[in-house]
Amino acid sequence: MGKIKKLILVTAEHHPLHKYFTTLAKRIANEFGADVEVREEDYIFLIEHGDTDELGMAWVPQLLAELDDGKIILLLSKAPFDNELKPDLEKGYEEVVVKLRSIMSG
């Protein structure tokens with residue numbers, strides 16, 4: 001059973017999905033009682049802990065969590081979109097909450 005020490009948002013302020021991921025991180029942090037650490041374009045961290053493409057390159061934004069045992073887990077690397085191809089905050093929220101609850105329960 002893991003407990004969330006903090007959320008880690010790796011982003012870039014100029015990225016079109018920056019606001020989406022920032023809003024999502026704050027909402028999740030409030031619900032789970034965690035702090036949010038924001039890292040600007042920390043690609044090395046993402047290559048080590050986040051999602052990468054077939055060439056091993058990372059992208060921003062990505063949301064991760066550090067657990068109380070020091071383990072870092074990826075929560076969301078790609079925003080889900082709705083039928084109008086707009087980022088869907090509720091779907092992203094649900095996806096992250098499901099991952100966190102499964103980690104915390106088992």
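Colleague: Which strands does helix H1 lie across, and at about what angle does it run to S1?
Modeller: This is a predicted model, so every answer here describes a prediction. Helix H1 covers residues 18-32. It lies across S1, S2, S3 and S4, and its angle to S1 is about 175°.

Colleague: What is the order of the strands in the open sheet?
Modeller: The sheet has 4 strands, and their pairing is mixed. The edge strands are S2 (35-40) and S4 (72-76), since each pairs on one side only. On average, neighbouring strands are turned by 30° against each other, direction ignored. Read across the sheet, the order is S2-S1-S3-S4.

Colleague: In what sense do S1 and S3 pair, and over how many bridges?
Modeller: Take S1 at residues 4-11 and S3 at residues 62-67. Leu7 stands opposite Ala65 in S3. The sense is antiparallel, over 6 bridges.

Colleague: How do S1 and S2 run, parallel or antiparallel?
Modeller: Here 6 bridges join S1 to S2. S1, H1 and S2 also make a right-handed β-α-β unit. The two strands run parallel.

Colleague: Which residue is the bridge partner of Val10 in S2?
Modeller: Val10 has a bridge partner in S3, and that is Gln62. Val10 has a bridge partner in S2 as well. That residue is Arg39.

Colleague: How many residues of S1 are buried?
Modeller: S1 is mostly covered. The strand has 8 residues. The buried ones number 6.

Colleague: Which strands does helix H3 touch?
Modeller: Helix H3 takes in residues 89-105 and packs on the sheet. Its direction makes about 150° with that of S4. The strands touched are S1, S3 and S4.

Colleague: Why is the pair of Tyr20 and Phe21 edge-to-face?
Modeller: The structure holds 1 aromatic pair. The ring centres of Tyr20 and Phe21 are 5.5 Å apart. Planes over 60 degrees apart count as edge-to-face. The pair meets that cut-off because its planes stand at 70°.

Colleague: Is Tyr20 buried or exposed?
Modeller: Buried means under 20% relative accessible area. Phe21, at 0%, is buried. Tyr20 has 9% relative accessibility, so it counts as buried.

Colleague: What is the distance from Arg39 to the ring centre of Phe45?
Modeller: Two charges over rings can be described here. The charged end of Arg27 sits over the ring of Tyr93, 3.7 Å from its centre. Arg39 lies over the face of Phe45, and the distance to the ring centre is 4.1 Å.

Colleague: Which residues does Lys99 touch, not counting those up to four places away in sequence?
Modeller: Lys99 lies in helix H3. It counts as partly exposed, at 30% relative accessibility. Its C-alpha atom is 9.4 Å from that of Leu76, 23 residues apart along the chain. The residues touched are Leu74 and Leu75.

Colleague: Is the peptide bond from Val60 to Pro61 cis or trans?
Modeller: Pro61 is in the loop between helix H2 (43-49) and S3. Omega of the bond is near -5°. The bond is cis.

Colleague: What is the phi of Glu41?
Modeller: Glu41 lies in the loop between S2 and H2. It is partly exposed, with a relative accessible area of 34%. Glu41 is not a glycine, yet its phi is positive, at about 45°.

Colleague: Where is Leu85 placed?
Modeller: Phi of Leu85 is near 60°, a positive value in a residue other than glycine. Leu85 counts as exposed, at 69% relative accessibility. Its place is the loop between S4 and H3.

Key. Residues numbered from 1 in each chain as written. Predicted model: local features only at pLDDT ≥ 70, side-chain atom pairs only at ≥ 80, totals over all residues. Heavy atoms only, no water. Pairing = 2+ DSSP bridges. Axes fitted to C-alpha atoms, helices over the stretch in contact; angles between N-to-C directions. Contact = heavy atoms within 4.5 Å. Buried < 20%, exposed > 50% of the residue type's maximum accessible area, 1.4 Å probe, protein only. Right-handed = clockwise from strand over helix to strand, strands pointing away. Phe/Tyr/Trp six-rings, centres within 6.5 Å; stacked < 30°, edge-to-face > 60°. Lys NZ or Arg CZ within 6 Å of the ring centre and 35° of its normal.
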